[in-house]
Amino acid sequence: MSTGGFRSRSKSAKAAAHTKPAKPAKAPKKQPRPKTQSRVDVPRQVAYEVLGAVRAKGAYANLVLPKALRERRGRGRDAAFTTEITYGTLRTQGVLDAVIERCSSRGLEAIAPEVLDVLRLGAYQLLYTRVEPHAAVDTSVQLVVEAGQEKAKGFANAILRTITRTPTQEWIEQLTPTEEIAGVAFRHAHPEWIARSFALALGKEGNREELEAALEADSQRPIVHLVARPGEISAEELALVTGGEEGRYSPYAVYLESGSPAELEPVRSGLAAVQDEGSQLIARALTEAALDGPDGGRWLDLCAGPGGKAALMGALARIEKAQVDAVEPAEHRAELVRKATRDLPVKVHVADGRAPGLEPGYDRVLVDAPCSGLGALRRRPEARWRKQESDIAELNALQFELLRSALELTRPGGIVVYSTCSPDLRETRGIVDKAIAELGASEINAHGLVPGMERVGEYPSVQMWPHRHGTDAMFFAVLRKA
């Protein structure tokens with residue numbers, strides 16, 4: 001097998017000889033290089049460019065791809081095909097890499113990154129789509145050439161043609177680990193540590209079949225959830241205007257199966273916004289949880305950026321004649337909070353939530369803590385391969401410090417809602433149980449704050465799941481300050 005496509009050192013430039021001419025010579029007029037017409041169709045070009053941006057620049061595909069499609073005027077079937085092969089390649093990277101490595105005479109680390117991007121894109125088409133094998137192979141080889149890796153075209157051709165000789169199911173059977181959870185993780189294109197995290201979080205209610213359902217849900221594209229701003233428009237009215245369907249759990253939620261929400265008049269005018277139904281339920285739970293004593297109208301969002309929950313809290317605060325303080329340490333994210341809460345009784349503070357310098361005595365405090373984001377993997381296809389289990393310990397320290405700060409800022413008898421967009425027990429129950437043990441807080445059963453939502457976990461807290469509830473895998477617990 002050819003070993004083209006591996007990194008090579010560039011040649012050093014030769015020093016030019018300096019001679020003093022008797023008469024200055026006119027520089028020859030440079031002729032513009034003619035632009036070569038790509039032999040690869042636009043969808044594959046765009047997909048390849050997005051893969052490169054995600055790999056080399058740490059870009060988010062869900063932000064880069066829509067922009068690239070607008071610039072290339074990708075619409076209809078072309079846009080759908082581009083989206084499928086881009087997101088699919090990023091989502092199934094672990095399986096693709098295992099297949100490529102089995103077919104290669106070298107390890108993946110020895111393959112030039114640009115060539116590996118092409119191989120993944122080609123392998124995804126061969127394994128997961130109905131694209132004709134010759135089309136997937138030929139366009140991939142051409143992409144290798146156009147990426148400046150002409151010496152690697154034989155290498156790429158050999159690997160992709162080897163992949164075509166074995167059906168997809170046989171590849172999966174050959175490469176699936178024998179250990180149960182590792183095997184489930186591989187079949188559903190997740191790192192093993194994430195599958196183990198989900199299995200623990202599903203707890204007594206879960207089994208292998210449900211673990212598979214939870215992992216499979218990460219590969220399903222979520223529908224759009226809108227939030228109707230309380231006091232401005234009802235969910236019923238929003239559903240009628242947009243052609244959507246009222247949500248199952250949040251009284252402000254509307255589901256949209258398709259379309260661009262940014263183009264909807266209620267969204268443009270600020271009557272509604274895009275917000276996962278789980279996020280709506282968490283913000284609502286903060287305002288609905290029973291206090292010990294009267295509500296003095298001092299509410300706090302301690303981790304407010306980018307502002308979705310703060311905006312819903314602000315709309316409810318306006319109805320209840322309350323005031324919300326919103327804390328965000330980064331100025332650019334604080335500006336997003338200001339825009340989201342414009343004309344609402346919300347004051348934004350640029351400060352560290354661990355020591356924001358605010359006067360204690362809040363009735364209600366939300367800690368939507370920074371977390372691993374394992375509960376929203378379906379929204380960012382590349383995220384599962386970027387995240388590291390080692391990051392969680394550092395996040396745990398921050399999460400506990402923020403919860404400690406929240407309890408210090410809460411008046412006796414007030415409540416704190418602690419939430420994460422992660423089901424990992426180290427980020428959820430681990431932090432809550434430690435706060436109860438070390439900070440003197442007591443936990444309130446939160447199940448009654450999500451009426452109609454079943455199977456939310458065996459603890460007093462609420463754990464949502466995409467495969468059970470259609471929301472992101474969000475968690476929240478309600479604590480009362482002693």
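Predicted model: local features only at pLDDT ≥ 70, side-chain atom pairs only at ≥ 80, totals over all residues.
**View 1. The domain layout of the protein.** The protein is divided into domain 1 (42-171), domain 2 (178-219), domain 3 (222-274) and domain 4 (288-481).

View 2. Cys303 is in no disulfide. The nearest cysteine sulfur to that of Cys303 belongs to Cys371, 10 Å away. Cys303 counts as buried because its relative accessibility is 12%, under the 20% cut-off. For Cys371, the closest cysteine sulfur is that of Cys421. These two sulfurs are 5.6 Å apart, too far for a bond, because a disulfide needs the pair within 2.5 Å. Cys371 counts as partly exposed, at 23% relative accessibility.

**View 3. Domain 3 against domain 4.** The C-alpha centres of domain 3 and domain 4 lie 23 Å apart. Ten residues of domain 3 are in contact with 17 residues of domain 4. Between them, the two domains bury about 1100 Å². Carbon and sulfur atoms account for 58% of that area. On the domain 3 side, Pro222, Arg229 and Tyr249 lose the most area to domain 4. Together these three residues make up 53% of what that side buries.

**View 4. Polar and charged pairs across the interface of domain 3 and domain 4.** One salt bridge is found across this interface. Three residue pairs are in polar contact across the interface, with both residues at pLDDT 80 or more. Which residue types form the side of domain 3 that touches domain 4? Five are nonpolar, two polar and three charged.

**View 5. The side chains of Arg318 and Glu232.** These two side chains meet in a salt bridge. The N to O distance is 2.9 Å.

Definitions and conventions. Residues numbered from 1 in each chain as written. Heavy atoms only, no water. Buried < 20%, exposed > 50% of the residue type's maximum accessible area, 1.4 Å probe, protein only. Domains from an automatic or database assignment. Contact = heavy atoms within 4.5 Å. Buried area = accessible area lost by both parts, 1.4 Å probe. Salt bridge = Lys/Arg side-chain N within 4 Å of Asp/Glu carboxyl O. Polar contact = N/O pair within 3.5 Å; in protein donor to acceptor, adjacent residues only side chain to side chain. Nonpolar A, V, L, I, M, F, W, Y, C, P; charged D, E, K, R; others polar.
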